[in-house]
Structure formats: structure tokens, C-alpha cells
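Here is a short tour to read alongside your viewer. Please load the complex and keep the sequence at hand.

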There are 2 protein chains.
Amino acid sequence: MARSSTTSDAFNAIAEVRRREILDVLIAGEKPVGAIVSDLSISQPQVSKHLRVLSKVGLVTCRAKGRLRLYSLEPARLRPLHEWLAKYEQAWNERLDRMDDYLKELQKKGEPQ
Amino acid sequence: MARSSTTSDAFNAIAEVRRREILDVLIAGEKPVGAIVSDLSISQPQVSKHLRVLSKVGLVTCRAKGRLRLYSLEPARLRPLHEWLAKYEQAWNERLDRMDDYLKELQKKGEPQ
DNA sequence: GTGACGTATTCCTATATCGGAATATGATTG
DNA sequence: CAATCATATTCCGATATAGGAATACGTCAC
């Protein structure tokens, strides 16, 4: 077996930096392919291919307007990521607290008497 | 070029379901490899390989105790994911609001006069 | 319709993955 | 030190990916 398909998951789709960058660009709103190409200076075919992947997992949708293809974000599809991550938030905060304690301790030791 | 290495990123590391499952198991706390193996019924070599990937990106750390290797979560390393995702939270909520409006409208139309 | 434009697709190659099976390593016990 | 337990590593195969280059497709303007 090989790695999971990039189109199998939002998780797999956003593993690629370029695709994350494309999504970032689309936060501003609907954009034609050309705008993404010039914003990111990635070759047009590459952008199209990445958009295809993002479409397949539903992270973007496409609307034709003349010869333009306007792509827009479908942020709800990021929800699984958000939910998965949420489980770690608590553990994460606990760690931060402990780190905080540790830092305070260091600070106390560093203080001149 | 091929896909980015799984060890290049937390994003790439967690693309694999098995690795997410392993992290999920470790939320409960430090565990030896064997416990993960029996919790998830993945072969021991596979678990070890996945743990290696997770180690390389710092998502887990390892501590030896006798012949056991105790792995534990390093949730802070998920922070980049969290931050990236946060940018979409607003867009996501806006969409939800619009969806909400839409649903309310549907409901209104459905109401008998 | 012909040309120009915006986008999508195809072909290619190098690379790396996951999983299984077998085996190596390392620590512990008697 | 031999046997055993816990884990790590290696070898193998099938798979598919990202990017470049070339090209196909679809729509618009003249």
C-alpha cells in the first residue's frame, strides 16, 4: 500500500503547503484561477491541479463566469480538522500551565535575595 | 518531485489516520508501545514506524523504562495547525450564520399563514 | 470563423510512502 | 550466558504524488 490519497481527506489535502496557501488566498473571497496564480507565483497548471484536489474534498467550490472559473472557500469542510484538534486543546493548555509554572519557578530562583 | 515527506511537518504527519489514532490514544497519557498496539490492533512494527514519524516532527516524545519505551504526547506541536485553522474560524462562522439565515427563511416559508 | 485568452488535462520522471514479513537490537530474568 | 520479552529496523512491493512541459478545451472579441 502507499500513502493515502490526497483526495481522501481534508487532512490529506491540506498536508501540501501549496494547497494551504491557495486556501489562504481564498479567505479574502472568491477568486479566479489567474488571481491565485499571480498571488502565489505557482504555475497555472499546478494551481489548477491543486484546485482539483481541493475540490474533490469539498474545500473549495467553483463557479463559471465567462471564461473565468471563480473558486471560493468552503470553510465548513475544515470542521473535522477543528474537531480533531479540539481534543488536544485541553492537553495543550495543561502543558502550557505546567510550562508557566516552570517559568515562574525559574524566575523566582533568578531573583536576587 | 513527490509528495512532501511525512516527517517534514505536523501537517504531513497527521495526514495519516493511523497516526492520528495513535495520538488519540496518547491523550490519556504516557503509554508503552505495546499498549498502543493492543488498543489499536495495528501490527507492532507499524506502530513503531508511525511513532518514529511522530517523533521526528516532535508530536511525541519517548522515555525508556526498563525494556519499555513510554511515549507521550507533545501537544504544543499541534499549535501550528491550530493557528492555521484559526484563520478560517471567522469565515466558517459567517457561513454558518448564512446557513442559519437560510434555514430560518425556509422555516418561515414553511409556516402556514 | 479566427485568434487570443483563461483554464484544464495529459505525459513524464523522481521520489517516498504504507504495510507485511522477517529479523535485529536491547534489556531483563533465572 | 541463555532464553525471553519489548521494541526497532530492514527488505520488499504496489501505489501515487508534485512539478515541468506541452497541449487540449471552452469562451469571448473582432
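Predicted model: local features only at pLDDT ≥ 70, side-chain atom pairs only at ≥ 80, totals over all residues.

Residues are numbered from 1 along each chain as its sequence is written, while chains are lettered from A and ligands numbered from 1 in the order in which they are written.

Let us begin inside chain A. Helices here are DSSP runs of H or I with at least four residues, strands are E runs of at least two, and both are numbered from the N terminus. Helix 2 (residues 17–26) and helix 4 (residues 44–56) of chain A have axes that come within 10 Å and cross at roughly 80 degrees. Helix 2 of chain A is therefore roughly perpendicular to helix 4 of chain A, a label for angles of 65 to 115 degrees. The axes are lines fitted to C-alpha atoms over the stretch in contact, with angles running from 0 to 180 degrees between N-to-C directions.

On the helix 2 side, the contact is made by Arg18(A), Arg19(A) and Ile22(A), and on the helix 4 side by Val47(A), His50(A), Leu51(A), Val53(A) and Leu54(A). Contact means that C-beta atoms, placed from the backbone, lie within 7 Å. These residues divide into five nonpolar, one polar and two charged. Ala, Val, Leu, Ile, Met, Phe, Trp, Tyr, Cys and Pro count as nonpolar, Asp, Glu, Lys and Arg as charged, and the others, Gly among them, as polar.

Next comes the meeting of the two chains. In it, 22 residues of chain B are in contact with 22 residues of chain A. Helix 1 (10–13) and helix 5 (79–110) of chain B each give two or more residues to the chain B side, and helix 5 of chain B gives the most, with nine residues. That side divides into 14 nonpolar, three polar and five charged residues.

The surface near DNA strand C divides into ten nonpolar, nine polar and eight charged residues; for DNA strand D the division is ten nonpolar, eight polar and eight charged.

Technical notes
Parallel < 35°, antiparallel > 145°, perpendicular 65-115°, else oblique. Contact = placed C-beta atoms within 7 Å.
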